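Thanks for asking me to look this one over. Here are my notes, in numbered points, to read alongside the model.

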Amino acid sequence: MKYKRVFLIVMDSVGIGEAPDAAEFNDAGADTLGHIAEKMNGLNMPNMAKLGLGNIREIKGIPKAERPLAFYTKMKEASAGKDTMTGHWEIMGLRIDTPFQVFPEGFPDELIREIERRTGRKVIGNKPASGTAIIEELGKEHMETGALIVYTSADSVLQIAAHEEIVPLEELYKICEICRELTLDEKYRVGRVIARPFVGTPGHFVRTANRHDYALKPFSRTVMNELKDAGFEVIAIGKISDIYDGEGVTKHMRTVSNMDGMDKLLQSMDMEFTGLSFLNLVDFDALYGHRRDPIGYGKALEEFDARLPEVFVKLRDDDLLIITADHGNDPVHHGTDHTREYVPLLVYAKTMKEGRELPLRETFADVGATIADNFGVKLPRYGKSFLQEISS
């Protein structure tokens, strides 16, 4: 075991340019980081620049480091998808050849009718939407009728919004369990069912912290399962535990924002453990990518970068930091969907004399393979470890 602790940060949706098969996903020309940098007239991310982000490719405002601190490259997704679960499951060693279903026109009538029959409540909405926007649009009608607000997104999700005073949490969770059961069928193949409770009055609705995700379990063991079963810690921060339905997780820390996520990561760095601390920063995707807000996205990237010195200070000599992403979400691209892109990979430890370029990674699973290799657990079926490459 070369590193006692590995800290893995997934910058949700921070793609770094169209993948070779982008056109097959209707994503030709997608470039999340590049287009954000152009809209911002240059990104101010000096810490990511020092690691070597600008060495992966030219990005306006991010200079190429003469002596990068980290090993750097980009990764190509091997799975047949561009959603959060697909990207994360691949990172931990799986390959998804049958993509999760998405519902750009809303859910089939037969499914909606069955939800209404099983729950005893009517359904309104049934379309792709921003969670806050659809609550503002339909919240008053929901409060007057008790109908469930059902909506989806670019991800494979069925989300149910309900006012806590109209549909008690216990009932909402039971409704989500029913929907989870209904959508296990292969003809739907929904990745997650999500309870989205809110409170307040029309014009002043606020979502609460009582969100709950009902995800599919990974179809096979991941590197996280191998770590946990071998006695190592797997600390899941943010929505990581939900994405893997708790599989392979030893400790879960919820977050409410990117900055809260960074706070929780720093808390994990103060803990004494041997294993993996795994953070997802969802705001990039949920608040800015899907809402096609390149300026907000750019500011969020700069805020993340400004927190990195705190991470660097807490890194010990036997710690490894890995920063990557799970897909793209180009905020100047058409629609509100994810985009099929390469993702950046930066790998840093204090003991590294100087970073350099790694070969292009043919699958996100190389990250999981490297973590498994480091801790001496069973290697995943997919992925090639780069542990020796960063050790030489």
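1. Let me start with a question: does Arg292 count as buried or exposed? At 17% relative accessibility, Arg292 counts as buried, where buried means under 20% relative accessible area, exposed means over 50%, and partly exposed lies in between (1.4 Å probe, protein chains only). Arg292 sits in the loop between α11 (283–289) and α12 (294–314); helices (H or I, at least four residues) and strands (E, at least two) are DSSP runs, numbered from the N terminus. Its phi is positive, about 50°, although Arg292 is not a glycine.

2. A word on the source. This is a predicted model, in which local features need pLDDT of at least 70 and side-chain atom pairs count only at pLDDT 80 or more, while totals for chains, interfaces and linings use all residues. Residues are numbered from 1 along each chain as its sequence is written, and side-chain values use heavy atoms, with hydrogens and water left out.

3. Another backbone angle to look at belongs to Asp245, a residue other than glycine with a positive phi near 50°. Most residues other than glycine have a negative phi. Asp245 is found in the loop between α9 and β10 (251–253), and is partly exposed with a relative accessible area of 26%.

4. Now the overall layout. The chain is divided into domain 1 (5–96 + 219–375) and domain 2 (109–215), with bounds that come from an automatic or database domain assignment. The contact takes 14 residues from domain 1 and eleven residues from domain 2, contact meaning heavy atoms within 4.5 Å. The C-alpha centres of the two domains lie 29 Å apart.

5. How much area do domain 1 and domain 2 bury between them? The figure is about 1000 Å², 47% of it on carbon and sulfur atoms; buried area is the accessible area (1.4 Å probe) that two parts lose on being put together, summed over both. Met85, Asp242 and Arg291 supply 41% of the area that domain 1 buries against domain 2, more than any other three residues. Across this interface the rule finds zero salt bridges, where a salt bridge is a side-chain nitrogen of Lys or Arg within 4 Å of a carboxyl oxygen of Asp or Glu. The rule does find three residue pairs in polar contact, both at pLDDT 80 or more. A polar contact is a pair of N or O atoms within 3.5 Å; within protein, one must be able to donate a hydrogen and the other to accept it, and residues adjacent in sequence count only if both atoms are side-chain atoms. On the side of domain 1 that touches domain 2, α4 (84–91) and α9 (240–243) each supply at least two residues.

6. Eight of its eight residues are buried, so α4 is largely enclosed by the rest of the structure. Asp83 caps the N-terminal end of α4, with a side-chain oxygen 3.2 Å from the backbone nitrogen of Met85. After the helix comes Gly93, whose phi is positive, near 105°.

7. Asp242, in turn, forms a salt bridge with Arg254, the closest N and O atoms being 3.8 Å apart. This pair links distant parts of the chain: Asp242 is in helix α9 and Arg254 in the loop between β10 and α10 (258–269), twelve residues apart. Asp242 counts as buried at 9% relative accessibility, whereas Arg254 is partly exposed at 41%.

8. The structure holds 31 salt bridges. One of them joins Lys187 and Glu110 (3.7 Å, N to O). Lys187 lies in the loop between α7 (169–182) and β6 (192–199) and Glu110 in helix α5 (residues 109–119), so the pair ties together parts that are 77 residues apart in sequence. Lys187 is partly exposed, with a relative accessible area of 45%, and Glu110 is partly exposed too, at 40%.

9. Finally, please look at strand β11 (residues 275–281), where seven of seven residues are buried. β11 pairs in the parallel sense with strand β1 (residues 5–11) over seven bridges, and with strand β9 (residues 233–237), also in the parallel sense, over five bridges; two strands pair if DSSP finds at least two bridges between them. Within β11, Asn280 is the bridge partner of Val10, and Gly275 is the bridge partner of Glu233.
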